[in-house]
Amino acid sequence: KSCVFTENCFVPTSEIIAVEETELNKKKRNIGKWQKMEKPYAFTVYYVKRARNHRWRCSDVTFWCVDEHLCNQWIQALKEILEMQKCRPKQLLVYINPYGGKRQGKRIYEQKVAPLFSLASISTDVVITEHANHAKDNLFEVNINKYDGVVCVGGDGMFSEVMHGLIGRMQKDSGIDQNNPKAPLVQCNIRIGIIPAGSTDCICYSTVGISDPVTSALHIIVGDCQPLDVSAVHHNNTFLKYSVSLLGYGFYGDILKDSEKKRWMGPVRYDYSGFKTFLSHHYYEGTISFQPAKHALGSPRDKDSCRAGCNVCKKSEQQLTEQHKGRGLKHEEDEEEWKVIKGKFLAINAVNMSCACPRSPKGLSPAAHLADGSADLILVRKCSRLGFLRYLVRHTNQDDQFDFSFVDVYRVKSFQFTSKLSEDNESNVTDIGKKRFGHFCRDHPACCCNIPNSTWNCDGETLDSSAIEVRVHCQLMKLFARGIEENNCKDEAAYSQSSNEQLL
């Protein structure tokens with residue numbers, strides 16, 4: 001059968017966590033309708049229970065009967081169904097960052113996650129990281145083929161470290177040169193699970209809908225799979241970083257640079273640095289060139305948000321595959337149209353996902369998609385401090401945050417940027433623009449002021465160079481997630497009862 005029925009709802013067998021025989025004590029057997037049974041037998045089914053705001057919980061229902069053989073048949077049948085769920089992990093490699101966020105990673109894993117993994121009969125190898133890049137370096141050494149997935153317990157920084165280790169290991173094993181910006185990267189089929197325990201858990205929030213350790217653990221247990229686009233960042237044919245959420249120059253780069261000096265303040269440093277950066281109101285002049293993502297459906301300004309089973313992601317991936325058939329990547333890059341914009345910018349942001357978080361429920365780009373092979377490029381040109389404040393406030397409400405004369409947004413598959421005052425004279429971005437394009441979208445007069453360069457914020461880490469080349473790799477990796485589900489009022493109403501008893 002496809003589901004187990006409780007008093008509250010149907011539970012798909014794909015969302016059953018475990019089945020266990022239940023020992024009955026005399027006290028429980030003498031209660032209510034069971035006291036007439038001479039010797040009742042029982043088993044308990046543990047399953048996913050949906051709560052409010054995309055939260056999942058482990059609930060259970062106990063089935064009773066007088067026939068021991070029938071009881072054993074049910075237990076065996078349900079266990080066989082669980083064994084048939086090939087997407088479920090059996091062996092996981094777990095990395096725990098004990099220092100991130102509020103230093104609660106180890107406690108969160110041991111108290112909230114490990115018991116669920118044990119209940120679901122998942123075996124784990126746990127590594128407590130001792131220094132920066134410990135997990136990344138370790139992933140280049142372990143026998144990765146023995147694991148069904150890798151779990152990181154920490155914040156976005158911990159996830160980034162694990163992602164770089166897995167993708168890097170995959171390219172190394174396949175003989176791919178990561179320093180070649182045009183190299184087609186090999187997809188990483190080993191899924192990553194995120195147990196949120198950091199200062200910022202943007203990636204978890206944007207892919208699950210909530211930053212909750214138990215919810216994330218249950219998505220791992222049932223074997224969910226969510227493909228994810230990854231942007232590769234290069235400078236002068238040298239690989240710098242991978243990004244899955246935010247690449248920010250100007251405002252968000254300045255916040256990161258300032259906050260790194262104030263780590264002693266804890267998470268509150270982001271608020272302090274944000275306020276300080278807003279007051280400074282620095283703008284930066286530069287040139288950005290990009291290739292529109294013609295294969296991607298929709299636009300950054302539509303209302304079609306990325307949700308579980310997203311059709312936009314599926315169809316965009318299919319169109320991109322068809323676009324690549326019969327034509328080499330290098331040949332395609334030479335032929336396709338580039339656009340160039342010169343100007344003075346308060347912020348340049350490129351996002352592969354909405355970048356939603358509790359403070360900004362819609363994120364930087366509400367209609368950005370997780371796996372459509374594109375990034376949303378947001379250009380915030382020089383404007384008044386009041387205008388910029390209005391733009392920032394739009395991230396916290398339901399108004400259109402792109403509805404300003406000084407804000408432009410594009411869906412792109414690659415882009416390049418160089419600042420006007422960049423010390424790196426080897427960048428050829430301006431030359432590319434002169435050779436390929438004669439048209440600029442606006443006439444921004446050159447500024448003679450000596451304004452310093454900003455810093456690129458790459459998923460919460462700084463980049464060494466302001467001149468970068470970025471390419472989006474469609475569905476390069478996979479998460480133990482399913483995307484944000486649409487809210488179901490019936491599921492929320494049914495959450496009030498945590499356990500049930502049923503008669504076979």
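Author: A definition comes first: a crossing is called left-handed if the near helix is turned anticlockwise from the far one by less than a right angle, and right-handed if clockwise. With that rule, H3 crosses H7 in the right-handed sense. Please keep in mind that this is a predicted model, in which local features need pLDDT of at least 70 and side-chain atom pairs count only at pLDDT 80 or more, while totals for chains, interfaces and linings use all residues. Residues are numbered from 1 along each chain as its sequence is written, and side-chain values use heavy atoms, with hydrogens and water left out.

Reader: Fine, and at what angle do H3 and H7 pack?

Author: Helix H3 (residues 105-119) and helix H7 (residues 213-221) pack at about 30°, and their axes are 10 Å apart; axes are lines fitted to C-alpha atoms, for helices over the stretch in contact, and angles run from 0 to 180 degrees between N-to-C directions. H3 and H7 are therefore roughly parallel to each other, since angles under 35 degrees count as roughly parallel, over 145 as roughly antiparallel, 65 to 115 as roughly perpendicular and the rest as oblique.

Reader: Which residues make the contact between H3 and H7?

Author: Taking contact as heavy atoms within 4.5 Å, H3 contributes Ile108, Lys112, Val113, Leu116 and Phe117, and H7 contributes Pro213, Val214, Ala217, Leu218, Ile220 and Ile221. By class, that contact of H3 with H7 has 10 nonpolar, no polar and 1 charged residues, where Ala, Val, Leu, Ile, Met, Phe, Trp, Tyr, Cys and Pro count as nonpolar, Asp, Glu, Lys and Arg as charged, and the others, Gly among them, as polar.

Reader: And how do H8 and H9 cross?

Author: The axes of H8 (residues 251-259) and H9 (residues 268-280) come within 9 Å and cross at roughly 125°, which makes H8 oblique to H9. The crossing of H8 and H9 is right-handed.

Reader: Switching to cysteines, how many disulfides are there?

Author: The count is 0 disulfides, a disulfide being a pair of cysteine sulfur atoms within 2.5 Å. Cys306 is in no disulfide, and the nearest cysteine sulfur, that of Cys313, is 3.7 Å away.

Reader: Is Cys306 buried or exposed?

Author: Cys306 counts as buried at 9% relative accessibility, whereas Cys58 is partly exposed with a relative accessible area of 28%; buried means under 20% relative accessible area, exposed over 50%, and partly exposed in between (1.4 Å probe, protein chains only).

Conventions. Helices (H or I, at least four residues) and strands (E, at least two) are DSSP runs, numbered from the N terminus.
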